[in-house]
Amino acid sequence: MPDKSEGFFRRTIKAVSVYVPQVPKPKKKISLTEKFVWTGIALLAYLVMGQIPLYGVTNDPKFDFLAFARVIFAAQQGTLMELGIGPIVTAGLLMQLLKGSDLIKMDFKNPDDRSLFTSATKIVTIIVIVAEGTLYGSSVYGPLVASPKIIPIVIAELVSASVIVMLLDEMVQKGWGVGSGLSLFIMAGIAQTILWSIFSPVPASDGPVGILPFVVDSAQNGHGGDAIFRTGQLPSLFALGITVAIILVLVYIEGIHVDIPIVSTKYRGFTAVYPIKLLYTSVIPVILSSALIANAVFMGQMLWANYNPNNQNPIFNWIATFDPNPQGGRATPTGGILYYVTAPRSLEATAADPARAAIYVVFLTTVVTLFSRLWVELGGLSASKAAKNLLDADVQVPGFRRSEGSVENLLNRYIPSLTILSGVIIGLLAATSDVLNVFGTGTGMLLMVNIMVSYYQTLVKEQVDTHMPKLAALLGRK
């Protein structure tokens, strides 16, 4: 008997999706050069919006409420990119969790169900965009406008910019560009931060912000050694070296995988391997952990601002204390539980309180490992789901019966162990990078390297599609 609620869900999505803006697929094959052009246009639009200030806002917020999440959300405070890709990522993760937990039952081999899921994701994204834009525009920027009549304009700016980002991402993913628009924007935001840390000539307390201009400046003044270590979380040669080392380690680890031989049951003689990466759960657990910490800091700051602004309430002091006049608007805890679950982000701060650094490393590694285990189940990466996907792709493992149970037993030799190992490695790398103050933060470095590797693999596939169309057809991409 059909589920009435399921039928209502499908009818509602189909009815509403008619009014949702869509980017059409290209009617003809787009060359790789044209894809690069459209990808560049999308990236340029994002970068321009990240430099346009919000109209009607007269002052900057005293606190940056999204400071801990801006790397993940590719957001720029005080601009049209205030929310960045945050609403899109939030909606996408929500729909992925609903799909992975089978709360939404759809057959993804059916093109109609795939299209329905895409439409549902877009509708949820627009709902989240409107909700976050309204909340942020009224509560954060509401007190910072000249007239209450400006508030709807600020909300409209935030909502419109986020919808444009959603459409840019859709344009790239539908074949006009290369890879994913969201990944492109995240990588661009992190690259901006790294380039700023290396080349920025803007003056700081001890010289230029960028480490290269600072090296030149300090060498001219006879204090070249000052560039090795700097105070105040400023870029240093030590941090630059650690950043390069972390990138090399991540690139190396990304290439480690266990290969399981597979053969096609559809094409006789076709053999390949099914790779299970060492970093099996990728960077999703780090994103979830960073979002958890960011939300905890945000809620702690809200409690502090309303009930403990002078840090005199002993009960709320257990949760967190904050500096009433933070530098740069970054609300960093100065005491309480939240103080120990946020990164020191400099050797100076780590040396001053090594216990905090140790607790943070252990805490983040533990949380990332737990999220890694959870994501395998909810994200459809478990051994049972992987076995089903392999059989649905018309392949089998030589020497094993073509049944889900047999293949699942084989995958269970690797996936549970790699899930835990992946969480521990990613957690340790992210936490250590944060403590040593690498450029772009630990989470940012993980994201950037993961996205770069993904783009490299995408470009290889594009080259195969262009120069070896028969092989692409055999692999199912034609």
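1. Arg-230 is buried, at 10% relative accessible area; buried means under 20% relative accessible area, exposed over 50%, and partly exposed in between, with a 1.4 Å probe and protein chains only. The model is predicted: local features need pLDDT of at least 70, side-chain atom pairs count only at pLDDT 80 or more, and totals for chains, interfaces and linings use all residues. Residues are numbered from 1 along each chain as its sequence is written, and side-chain values use heavy atoms, without hydrogens and water.

2. Arg-230 forms a salt bridge with Asp-206, at 2.9 Å from N to O. The term denotes a side-chain nitrogen of Lys or Arg within 4 Å of a carboxyl oxygen of Asp or Glu. This pair links distant parts of the chain, 24 residues apart: Arg-230 is in the loop between α8 (211-220) and α9 (237-254), and Asp-206 in the loop between α7 (181-199) and α8. Helices (H or I, at least four residues) and strands (E, at least two) are DSSP runs, numbered from the N terminus. Asp-206 is partly exposed, at 33%.

3. Glu-254 and Lys-277 also meet in a salt bridge, at 2.8 Å from N to O. Glu-254 belongs to helix α9 and Lys-277 to strand β2 (residues 271-277), so their pairing ties together parts 23 residues apart in sequence. Glu-254 is buried at 11%, whereas Lys-277 is partly exposed at 27%.

4. Within helix α6 (residues 151-176), Glu-170 and Lys-174 are four residues apart, about one turn of the helix; their closest N and O atoms are 2.9 Å apart.

5. The count comes to five salt bridges.
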